[in-house]
Amino acid sequence: ADRDPDQIDTTVQTMRLAGLRVTVIPGEELVLPAQSVVNAFSFERGGLAVRTGESELELPYDTRFIAVHCQPRRDTGSGRVASDGLTDGLVARRGHAFMTRDSLVGFGGLGRRSSSAGQSAGDERQPAFLDLYFEREGQIVRITVHEQQTDFAGLMSLASSDCRKNIGTLAGELEKRFPNARVDRRLVDMVPRTRPMVGKKTQYDAVRRGYSFATEALSQLLAAISPGLEHLSQFEFSSRLAYLATHYAADE
């Protein structure tokens, strides 16, 4: 990682000239609020009414926000994750920068090689969620619709017995009702890595994995940005990264 703005700009321009789409994100922007779980919500005349454990708030329909939909890919029970047309297509794209992003967030790419046991465990440990990031009184606010902790009665006739489906339905409704909302779905069908944040260091790690997830290099980089970032789970890290990528891409 380089701290020299001129060097960073040169690298970015070189990658863009090569045909890659590049978004520059200041590392300190990864310091974001923790998830505040939504207990219940409803669509009212003036906006989305939300109740969390700490408070109640309303998001008027002209609110600008970015919603990140994270949903680990389901295990079919046969030792393979369910096939998906989008991510299957991504696997065939082997550009270095694209594969680096895949390994970082565990989306498509080599993440499919996880063991069946690891996939099942990951699917059980991590429920789907929808993070909403927006600004209020000059501060970033983050609220989370959670597969297991949110009451989906607010979807009315659209509610399903499948809570994962409810999260996808809610994401679609937010797009319809909020003209200034953006929904990032790059973490849908995410395949989590079975390793913790920091893997066992080897002499080949720096060359073989660079700053991909679960490497000591990434852990050290995040710790240098802010203490505690190196302990983020893959899902937490990926949600923050997806939000920032969407936010900064909109400004370019």
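Trainee: Which residues of helix H7 are buried?

Mentor: In this predicted model, the buried residues of H7, which spans residues 216-225, are Leu218, Ser219 and Leu222. Each is called buried because its relative accessible area is under 20%.

Trainee: What puts these residues on the same side of H7?

Mentor: They cover an arc of only 100° around the axis, and therefore they lie on the same side of H7. In general, an α-helix has 3.6 residues a turn, so residues three or four places apart point the same way. On the other side of H7, Gln220 and Ala224 are exposed.

Trainee: Why is Cys70 called buried?

Mentor: The relative accessibility of Cys70 is 0%, and the cut-off for buried is under 20%. Cys70 therefore counts as buried.

Trainee: Why is Cys163 called partly exposed?

Mentor: Its relative accessible area is 27%.

Trainee: How many disulfides does a search of the whole structure find?

Mentor: The search finds 0 disulfides. A disulfide would require a pair of cysteine sulfur atoms within 2.5 Å.

Trainee: What makes S4 a mostly covered strand?

Mentor: In S4, 8 of its 8 residues are buried. Both of its faces are covered: Phe65, Ala67, His69 and Gln71 are buried on one side, and Ile66, Val68, Cys70 and Pro72 on the other.

Trainee: How do you know that S4 pairs with S5 and with S7?

Mentor: Two strands pair if at least two bridges are found between them. S4 and S5 are joined in the antiparallel sense over 6 bridges, while 7 bridges join S4 to S7, which run parallel. Both counts meet the cut-off, and so S4 pairs with S5 and with S7. Val68 has a bridge partner in each neighbour: Asp131 in S5 and Asp184 in S7. Phe65, too, stands opposite a residue of S5, namely Phe134.

Trainee: What is the order of the strands in this sheet?

Mentor: The open sheet of 4 strands has the order S6-S5-S4-S7, with mixed pairing.

Trainee: What makes S6 and S7 edge strands?

Mentor: Each of them pairs on one side only. Neighbouring strands of this sheet are turned by 15° against each other on average, direction ignored.

Trainee: Which strands form the open sheet with antiparallel pairing?

Mentor: That sheet has 3 strands, in the order S1-S2-S3. Its edge strands are S1 and S3, and its neighbouring strands are turned by 20° against each other on average, direction ignored. S1 and S2 share 5 bridges, and Phe43 stands opposite Leu48 in S2. H5 packs on the sheet, touching S1 and S2, and its direction makes about 45° with that of S1.

Trainee: How many residues does the largest nonpolar core have?

Mentor: It has 25 residues, and those with the most contacts inside it are Phe41, Phe43, Phe65, Leu130, Leu174 and Phe178. Among the elements that give two or more residues to this core are S1, S4, S5 and H5. The largest share, 4 residues, comes from H5. There is also a second, separate core of 21 residues, which includes Leu218, Phe237, Ala242 and Leu244.

Conventions:
Residues numbered from 1 in each chain as written. Predicted model: local features only at pLDDT ≥ 70, side-chain atom pairs only at ≥ 80, totals over all residues. Heavy atoms only, no water. Core = buried A, V, L, I, M, F, W, Y, C linked by side-chain atoms within 4.5 Å. Buried < 20%, exposed > 50% of the residue type's maximum accessible area, 1.4 Å probe, protein only. Arc of directions from axis to C-beta. Axes fitted to C-alpha atoms, helices over the stretch in contact; angles between N-to-C directions. Contact = heavy atoms within 4.5 Å.
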